Amino acid sequence: MNSPFVAVVTGSSSGIGQATAVEFSRKGCEVVIHGRSNLSGLTATTSKIRQASDSRSRITAIVADLDCARSSRSLLDAVFDRFGYVDAWVHAAGADVLTGSARNCNFEEKLNRLWRTDVEGTMRLSRWVAARMMQQPPRPQLPSMIHLGWDQSCEGMEGDSGQYFCAVKAAVSAFSKSLAKSIGPLVRVNCVAPGWIQTEWGSGVSKEWDHRAKGESILQRWGKPEDVARVIVALCSSDFEFVNGQTIAVNGGWQSMLLSVRSNCTWN
């Protein structure tokens, strides 16, 4: 009997991570979902997977704080101790500074949260995962790792949010490319850079931000978490085995849009 395809998705209690876990399950994969403290979100992800997939897809849920090295190591060990290998590891976990209590933090506090989770936490865990992947038994296809960037990180965006998100996500993209060069040809590494995606924050924005998000996409609409998830899962398949060390934008085609209402857009 063939061993199942094992996919790990960090930050899968909501948003793009949740959609990615569900999409892997649709393909019949064994899925490991992860969250830091959003247990209700993990429960919701489990329910969505059950609804979307058949009995072949099994779910493992792990709670870990990726800001903490010891907790990250526990997540890594739990996965490899159970399966002995991983076919796809998606780093979708990121600090939320736009909703909840964190939205009231000042610039430095938000930057520190993003840097600890999205950059330091991602780099640390990625290096550990890469080392294990390179040592695991041969698999039918090359193991794959995906990072999440942002399509405007190299373009720049005005305001506090543009300053910290562009800096943080540009760092993630640069690290992703460097890691690909460091561990190829044994493991593939790519970065997916979403555009304006209607996650929790995007569902309640002002008319000005809604107009801007739609206007900056050639397809004239918000992206959905599922749009990004489908690209991530496809990149991890054997069909895309020659795609490596790339940053791939998922944004419907980005176009610059100068808005007279920009000064009225508040996203700090």
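Helices here are DSSP runs of H or I with at least four residues, strands are runs of E with at least two, and both are numbered from the N terminus. By that count, the chain has 7 helices and 7 strands. Their order along the sequence is β-α-β-α-β-α-β-α-β-α-β-α-α-β.

A word on the source. This is a predicted model, where local features need pLDDT of at least 70, side-chain atom pairs count only at pLDDT 80 or more, and totals for chains, interfaces and linings use all residues. Residues are numbered from 1 along each chain as its sequence is written, and side-chain values use heavy atoms, with hydrogens and water left out.

Next, overall dimensions. The C-alpha trace spans about 60 × 35 × 35 Å along its principal axes. Of the 268 residues, 51% are buried; buried means under 20% relative accessible area, exposed over 50%, and partly exposed in between, with a 1.4 Å probe and protein chains only. Taking contact as heavy atoms within 4.5 Å, residues 24 or more positions apart make up 76% of the contacts with a separation of 6 or more.

Now the cysteines. How many disulfides does a search of the whole structure find? The search finds 0, a disulfide being a pair of cysteine sulfur atoms within 2.5 Å. The closest cysteine sulfur to that of Cys-29 is in Cys-236, 9.0 Å away, which is too far for a bond. Cys-154 is in no disulfide either, and the nearest cysteine sulfur, in Cys-166, is 8.4 Å away. Cys-29 is buried at 5% relative accessible area, whereas Cys-154 is exposed at 69%.
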